[in-house]
Amino acid sequence: MTGLMGCGREAVKEDKSLQEEEKNAKEKVVLWTYFEVDEQKAGLELLLENFNNSQDKYEASWEYKGPLTEFTKQLSIGVAEEELPDMVLIDPPDMRTYVDLGLFEDITDYVNSNYGKDEFYPAVLNSVRYDERYYGIPFSCNNVGLIYNKSLLQEAGVKPPGNWEEFREVAAALTKTGTYGFAMSAIANEQSAFQVLPWILSTGETMETLGGEGTVKALSMLQSMVEQGYMSKDCINWSQVDVTRKFIAEECAMMENGPWSLSMLEEAGMDYGIIKLPVDVTSVLITGGENMCLIKGKNIEGGLALMDYYYNSDSMLSLAEKMCHLPPQRDMAKQLKERNEVYQVFEEQMEHCISRSDYPYWSKITGRLSDAIYGVITGSMSAQDAASRIEEAIL
């Protein structure tokens with residue numbers, strides 16, 4: 001009996017060895033990302049596992065290269081040390097720097113031949129296009145809304161705000177010991193620029209007139225929220241994920257945030273609602289998300305195979321719900337909204353989003369926007385001075 005069992009063990013070992021040899025024989029496709037939310041990681045892991053099982057030529061894997069604030073540093077180090085992956089999931093506004101460096105493969109002909117460009121939200125497709133050339137494909141998209149604690153609003157006897165006047169009144173009513181009326185990310189990086197810009201554009205200011213009267217008005221409004229105690233100065237230290245944690249802890253009753261926060265809210269059992277950001281004159285949102293780009297000189301064919309699998313398999317919709325983002329294609333996003341109503345506001349807003357990639361001077365103003373919200377919240381800058389600094393970057 002022992003001998004037979006031993007033979008069985010040897011057979012299992014041999015089978016595992018053969019499987020390992022087959023796995024090692026596949027061409028490697030390595031992807032870098034900054035995903036730090038568990039659901040995002042799990043979704044990406046599932047996508048790559050399914051891709052690997054769908055064919056015998058490629059073996060895809062992914063590596064976490066720190067949060068968003070660290071990711072671009074790691075990518076720059078990789079460029080300097082010539083230690084790069086085959087592809088990356090990257091924040092759209094960070095693409096231009098690396099396109100200019102010649103890091104990403106130009107896949108214009110492939111996109112033109114294989115993708116129906118009218119199926120995408122225009123702003124989302126624009127985020128991978130520079131000088132009419134395509135340097136990647138959209139992986140996901142999102143925008144921000146006002147997420148509110150239903151119980152706290154009910155206790156205060158107020159309704160979700162629709163305009164700025166109502167917003168200030170509701171924030172005041174919700175502010176109490178241990179709870180601020182509102183929170184947003186004002187951390188000194190791209191996240192705060194992404195969050196403050198919709199407030200500025202809501203005044204009727206355009207991307208070409210940033211730094212004007214509308215910018216002053218929006219920054220003054222947010223500054224007054226802090227001065228009146230409706231918003232914490234500590235938000236200069238909070239990422240969008242940190243703001244979600246504050247909301248779950250009921251340290252704020254309303255927050256500006258996006259669909260990436262939904263998994264945390266659901267896990268915490270929060271009773272929440274989502275509406276559009278309160279409007280001054282108009283509603284203009286910025287599209288966020290991730291783009292999938294190929295590193296020039298690396299495994300281009302393997303990267304394209306993974307892109308094709310993502311777009312042509314039935315996984316895009318289920319992964320979007322699992323990873324808490326919107327698919328970059330209209331029909332898929334509408335299907336997601338129909339499956340889960342919490343995505344309704346985000347999906348509807350995609351139709352009037354703009355892409356930061358459309359503006360060549362974005363890299364000059366993003367830091368100024370971040371500095372502006374930091375300055376007015378801390379009181380180190382007046383709204384007028386902050387707006388003037390933004391205007392200087394455009395002129």
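1. K65 is partly exposed, at 21% relative accessibility. In this predicted model, the side chain of K65 meets that of E63 in a salt bridge, 3.6 Å from N to O. E63 is likewise partly exposed, with a relative accessible area of 35%.

2. T33 touches both E63 and K65. T33 belongs to strand β1 (residues 27-33) and is buried, with a relative accessible area of 0%. Other residues in contact with T33 include L44, W62, Y64, G66, F71 and L89.

3. The largest nonpolar core holds 83 residues, and F182, W199, M207, M254, L369 and I377 have the most contacts inside it.

4. Leaving aside residues up to four places away in sequence, F182 touches L146, F167, W199, M225, Y230, M231, S232, C252, M254, M255 and E256.

5. Strand β9 (residues 252-257) is mostly covered, with six of its six residues buried. Strand β7 (residues 145-149) runs antiparallel to β9 and is joined to it by four bridges. Strand β8 (residues 180-183) runs parallel to β9, with three bridges between them. M255 of β9 is the bridge partner of I147 and also of A183.

6. Which residues of helix α8 (residues 164-174) are buried? They are W164, F167, V170, A171 and L174. These residues lie on the same side of α8, because they cover an arc of only 120° around the axis. An α-helix has 3.6 residues a turn, so residues three or four places apart point the same way. The cover over the buried residues of α8 includes β7, α7 (150-156), β8, α9 (190-201), α10 (213-227) and β9. At the N-terminal end, N163 caps α8, with a side-chain oxygen 3.2 Å from the backbone nitrogen of E165.

7. The structure has 14 salt bridges. One of them pairs K217 with D280, whose closest N and O atoms are 3.0 Å apart. This pair links distant parts of the chain, K217 in helix α10 and D280 in the loop between β10 (272-275) and β11 (285-286), 63 residues apart. K217 is partly exposed, at 41% relative accessible area, and D280 is partly exposed at 23%.

8. E321 and R339 form another salt bridge, with the closest N and O atoms 3.1 Å apart. E321 is in helix α14 (residues 315-323) and R339 in helix α15 (residues 330-339), 18 residues apart. E321 is partly exposed, with a relative accessible area of 25%. Elsewhere, a network of salt bridges links K334, K337 and E347.

Definitions and conventions
Residues are numbered from 1 along each chain as its sequence is written. This is a predicted model: local features need pLDDT of at least 70, side-chain atom pairs count only at pLDDT 80 or more; totals for chains, interfaces and linings use all residues. Side-chain values use heavy atoms; hydrogens and water are left out. A nonpolar core is a set of buried Ala, Val, Leu, Ile, Met, Phe, Trp, Tyr and Cys residues joined through side-chain atoms within 4.5 Å. Buried means under 20% relative accessible area, exposed over 50%, partly exposed in between (1.4 Å probe, protein chains only). Contact means heavy atoms within 4.5 Å. Helices (H or I, at least four residues) and strands (E, at least two) are DSSP runs, numbered from the N terminus. Two strands pair if DSSP finds at least two bridges between them. The arc is that of the directions from the helix axis to the C-beta atoms. A polar contact is a pair of N or O atoms within 3.5 Å; within protein, one must be able to donate a hydrogen and the other to accept it, and residues adjacent in sequence count only if both atoms are side-chain atoms. A salt bridge is a side-chain nitrogen of Lys or Arg within 4 Å of a carboxyl oxygen of Asp or Glu.
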